Amino acid sequence: GRLADRLLGRSDGRPARLTLDGAGPIDGWTGRLAGSLGDDARLDLALTARGVAPYRLSVEGSVQPRPLLPHPWQAPLADGIRISGAVTGDATATSIEGLHIAGAGLTLSARGRLAPGGAMDGRIDATAIDLAPLGAAAGQEMAGALTIGADLTGSTQEPRIALAVDCTAIS
């Protein structure tokens, strides 16, 4: 609990537990990463590893951070955060395949590819279908929907981004 208190700037001494459990060879491993901080904050992720070259690492599960958040942000995240995604790699590139994060009426998705020489391309999309709960948590009255899309290209030395923002009934 003391380490968690230090990392989170807290002093309530919640007991912390983090467990990684799995079985199988590295090219067919399945496991689970589970954690808790006190009685309410939870982490539960299913993990898999397939192959060596090429390889695929995937994750699927949920995080319940609500008790660790400031009070105004607890209601929007009452149902927690869902996470899923996969990373693949071989000699030609490392790729993010379908990373999805959702919670509090927000969704974030990403995919992309990074080559050994630094060439990259990818896409990130973020959507808030109802800004009202987020506005209430931030102490600001808001309404409407927001979608942001970003296309990433170029290289790690010279990245380029094309950004598109779509607002509906924003107030």
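Visitor: Which strands each supply at least two residues of the lining of the second largest pocket?

Guide: Strand 6 (94–103), strand 7 (106–114) and strand 8 (120–128) each do, strands being DSSP runs of E with at least two residues and helices runs of H or I with at least four, numbered from the N terminus. The model is a predicted one, in which local features need pLDDT of at least 70 and side-chain atom pairs count only at 80 or more, while totals for chains, interfaces and linings use all residues. Residues are numbered from 1 along each chain as its sequence is written, and side-chain values use heavy atoms, with hydrogens and water left out.

Visitor: What makes a space a pocket rather than a cavity?

Guide: On a 1 Å grid over the protein atoms alone, a cavity is a set of points where a 1.4 Å probe fits but cannot get out, whereas a pocket is open, with protein on both sides within 12 Å along at least five of seven lines, and its lining residues have an atom within 4 Å of a point. Here the second largest pocket holds about 150 Å³, and among its 14 lining residues I96, R111, G112, R113 and D121 lie nearest its centre.

Visitor: What lines the largest pocket, and which residues lie nearest its centre?

Guide: Its lining has 17 residues, with R17, G35, S36, L37 and L68 nearest the centre. Two or more of the lining residues come from each of helix 1 (2–8), strand 1 (16–23), strand 2 (28–37), strand 3 (41–51) and strand 4 (55–64), and helix 1 gives the largest share, four residues. The space in this pocket is about 260 Å³.

Visitor: How do the residues of that lining divide into nonpolar, polar and charged?

Guide: The division is 12 nonpolar, three polar and two charged; Asp, Glu, Lys and Arg count as charged, and Gly is among the polar ones. By comparison, the lining of the second largest pocket has six nonpolar, four polar and four charged residues.

Visitor: What makes strand 4 and strand 5 a pair?

Guide: Strand 4 and strand 5 (residues 81–89) share nine bridges in the antiparallel sense, and therefore count as paired, since at least two DSSP bridges are required. Within this pairing V63 stands opposite I81. Strand 5 is also joined to strand 6 by seven antiparallel bridges, A86 having E97 as its bridge partner, and a hairpin of four residues connects these two strands.

Visitor: Which strands are called the edge strands of the sheet?

Guide: The open sheet has 10 strands in the order 1-2-3-4-5-6-7-8-9-10, with antiparallel pairing, and its edges are strand 1 and strand 10 (159–168), each of which pairs on one side only.

Key. Grid points are joined across faces, edges and corners, and a volume is the space filled by probe spheres set on the points.
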